[in-house]
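This report summarises the computed features of one protein model. The sequence and coordinates are shown first, and the description follows.

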Amino acid sequence: MLQRFQRKSDVTLARFFSTLKQIPPNLKVMKSFLTGLITLFVPTSLAIPLLNVLGHKIHAKAKIGFSFLACQHLYLDQNSRIGHLNICLLYTSPSPRDRG
């Protein structure tokens, strides 16, 4: 009986993680735009926890200046910096070979 329960839970977890990989493109664009607004208008001390909640990986000692960073994935290690007045627009769309 325990083995049957473990199998059901494994299938449920596999389905859950497969749905996470299939995020609709409009939500990816919204996440990118929200990331850009947070990096532009929110101070670094408050922006880092917010960006980590969105799924980015930013170390607590990283610094982000007055910049608009609209990207889907943002990784900043310890003591890394992004200066002031930077604009980063990274929107990706599937290539024709990925669609078919």
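## Basis and overall architecture

Strands, as the term is used here, are DSSP runs of E covering at least two residues, and helices are runs of H or I covering at least four, both numbered from the N terminus. The model is predicted.

The protein chain holds 4 helices and 6 strands. Along the sequence, these elements occur in the order α-α-α-β-β-β-β-β-β-α.

## Burial, surface and contacts

Of the 100 residues in the protein chain, 25% are buried.

For contacts between residues at least 6 apart in sequence, 28% join residues at least 24 apart.

In soluble globular proteins, nonpolar side chains tend to be buried together. The largest nonpolar core in this model comprises 12 residues, including Ile-38, Ala-47, Ile-48, Leu-51, Ile-58, Cys-71 and Ile-82. Helix α3 (residues 44-53) provides the largest share of this core, with 3 residues.

Leaving aside residues up to four places away in sequence, Leu-51 touches Thr-35, Ile-38, Thr-39, His-56, Ile-58, Ile-64 and Leu-74.

## Loop residues with positive phi

Asn-79 lies in the loop between β4 (75-76) and β5 (81-82). Although Asn-79 is not a glycine, its phi is positive, at about 60°. Asn-79 counts as exposed because its relative accessibility is 55%, the cut-off being over 50%.

Leu-85 is found in the loop between β5 and β6 (87-89). Leu-85 is likewise not a glycine and has a positive phi of about 60°. With a relative accessibility of 71%, Leu-85 counts as exposed.

Key:
Residues are numbered from 1 along each chain as its sequence is written. This is a predicted model: local features need pLDDT of at least 70, side-chain atom pairs count only at pLDDT 80 or more; totals for chains, interfaces and linings use all residues. Side-chain values use heavy atoms; hydrogens and water are left out. Buried means under 20% relative accessible area, exposed over 50%, partly exposed in between (1.4 Å probe, protein chains only). A nonpolar core is a set of buried Ala, Val, Leu, Ile, Met, Phe, Trp, Tyr and Cys residues joined through side-chain atoms within 4.5 Å. Contact means heavy atoms within 4.5 Å.
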